[in-house]
Amino acid sequence: MLPVRRVIRCLHRRQILFCSFLVLLFAASALADSQVTMRLIGHGGTGKNPVYPWYLQVDGVPATLICDTLLNTNVKGETWQANVTNILNGPTQGLFQGNTLLDYKAAAVLFSDVLFHGANASDANWAIWALFTPSAKHNPHFDANALALYNAALALAPKLPKSFFNNYVIYTPIPGTQSCTKCGLPQEFIGFSPVPEPGTLLLFGTGLVGLAGVLRKKLAH
């Protein structure tokens with residue numbers, strides 16, 4: 001039989017872990033459908049090919065997001081206000097309003113493949129840009145690998161349950177709130193909430209790299 005002190009200590013640890021989980025859960029929930037202040041710190045890639053990771057501060061907290069707007073511009077140090085909503089609300093509350101639900105879903109799939117399956121950041125970012133800005137397909141950086149990821153994401157996105165997208169949010173800029181007025185409307189970004197559901201974790205096994213490889217071979221033939 002376990003000593004009373006050890007039992008109490010064990011229960012205390014479990015209570016701390018459970019409370020910590022609740023704090024993270026509610027923090028992630030509070031993030032959606034809110035308004036935040038954003039500041040651009042920098043980006044990955046090169047000066048001629050700025051791609052994920054995009055380094056920002058969201059309400060003063062460091063965050064790594066991916067950009068979905070090719071034609072908008074941000075400068076380092078610029079600040080602006082943004083609405084934060086679930087990515088499935090993109091067609092009604094995002095920058096690309098209209099019949100774009102499949103595109104937002106595909107963008108989430110592409111971002112998940114970068115985060116969890118090692119997809120090339122440049123290829124995935126250009127694939128996301130091509131979803132919303134077709135002219136991106138004419139850019140030299142949108143190569144065969146980016147095209148394969150693009151097609152694979154569009155094929156996979158409709159087959160995933162709604163729960164897969166619960167943890168993906170969009171940061172949509174609010175016009176007129178940017179500190180750099182001559183820069184125009186800031187970019188929209190996609191982020192991932194750090195509290196995934198168990199069912200969602202299982203779906204991360206559906207990476208695009210294998211599917212993209214198959215599609216790339218078909219395109220080659």
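Student: What are α3 and α4 to each other, roughly parallel or roughly antiparallel?
Tutor: Start with the packing: α3 and α4 meet at an angle of about 175°, with their axes 9 Å apart. Axes are lines fitted to C-alpha atoms, for helices over the stretch in contact, and angles run from 0 to 180 degrees between N-to-C directions. Angles under 35 degrees count as roughly parallel, over 145 as roughly antiparallel, 65 to 115 as roughly perpendicular and the rest as oblique. So α3 and α4 are roughly antiparallel.

Student: Okay, but which kind of model are we looking at?
Tutor: Some housekeeping: residues are numbered from 1 along each chain as its sequence is written, and side-chain values use heavy atoms, with hydrogens and water left out. Local features need pLDDT of at least 70, side-chain atom pairs count only at pLDDT 80 or more, and totals for chains, interfaces and linings use all residues, this being a predicted model.

Student: How many helices and strands does the protein have?
Tutor: Helices (H or I, at least four residues) and strands (E, at least two) are DSSP runs, numbered from the N terminus. Along the sequence they come in the pattern α-β-β-β-β-α-α-α-α-β-β-α-α. Count them up and you get seven helices and six strands.

Student: What share of the protein's contacts, at a separation of 6 or more, joins residues 24 or more positions apart?
Tutor: A contact means heavy atoms within 4.5 Å. Among contacts with a separation of 6 or more, the share from residues 24 or more positions apart is 69%.

Student: Back to α3 and α4: how many charged residues are in their contact?
Tutor: On the α3 side you'll find Asp103, Tyr104, Ala106, Ala107, Leu110, Phe111 and Val114, and they meet Ala124, Ala127, Ile128, Leu131 and Phe132 in α4. Ala, Val, Leu, Ile, Met, Phe, Trp, Tyr, Cys and Pro count as nonpolar, Asp, Glu, Lys and Arg as charged, and the others, Gly among them, as polar. That contact has eleven nonpolar residues, no polar ones, and as for charged residues, one.

Student: Why is α3 described as largely enclosed by the rest of the structure?
Tutor: Buried means under 20% relative accessible area, exposed over 50%, and partly exposed in between (1.4 Å probe, protein chains only). The buried residues of α3 include Lys105, Ala108 and Ser112. α3 is largely enclosed because, of its 17 residues, the number buried is twelve.

Student: How many residues of α4 are buried?
Tutor: Among the buried ones are Ser122, Asn125, Trp129 and Phe132. Their cover includes β2 (50–58), β3 (61–67), α3 (101–117) and α5. α4 is mostly covered, and the number of its twelve residues that are buried is eleven.

Student: How far apart are the end C-alpha atoms of α4?
Tutor: The expected span of a helix is 1.5 Å times one less than its number of residues. The twelve residues of α4 should therefore span 16 Å, which agrees with an end-to-end C-alpha distance of 17 Å.

Student: What is α4 to α5, oblique or roughly perpendicular?
Tutor: Helix α4 (residues 121–132) packs against helix α5 (residues 144–156) at an angle of about 60°, with the axes 8 Å apart. That makes α4, relative to α5, oblique.

Student: Is the crossing of α4 and α5 left-handed or right-handed?
Tutor: A crossing is left-handed if the near helix is turned anticlockwise from the far one by less than a right angle, and right-handed if clockwise. For α4 and α5, the crossing is right-handed.

Student: And α3 with α5: at roughly what angle do they cross?
Tutor: This crossing is right-handed as well. Its contact includes Val109 in α3 and Ala153 in α5. The axes come within 8 Å of each other and cross at roughly 115°.

Student: Which residue just after α3 takes a positive phi?
Tutor: Look just past the end of α3. The phi there is about 70°, and the residue is glycine 118.

Student: What is the relative accessibility of glycine 42?
Tutor: Glycine 42 sits in strand β1 (residues 34–45). Leaving out residues up to four places away in sequence, glycine 42 touches Pro53, Trp54, Tyr55 and Lys76. Glycine 42 counts as buried because its relative accessibility is 6%.

Student: Last one: is asparagine 74 buried or exposed?
Tutor: Asparagine 74 lies in the loop between β3 and β4 (79–86). Not counting residues up to four places away in sequence, asparagine 74 touches Leu40, Trp80, Pro186, Gln187 and Phe189. At 13% relative accessibility, asparagine 74 counts as buried.
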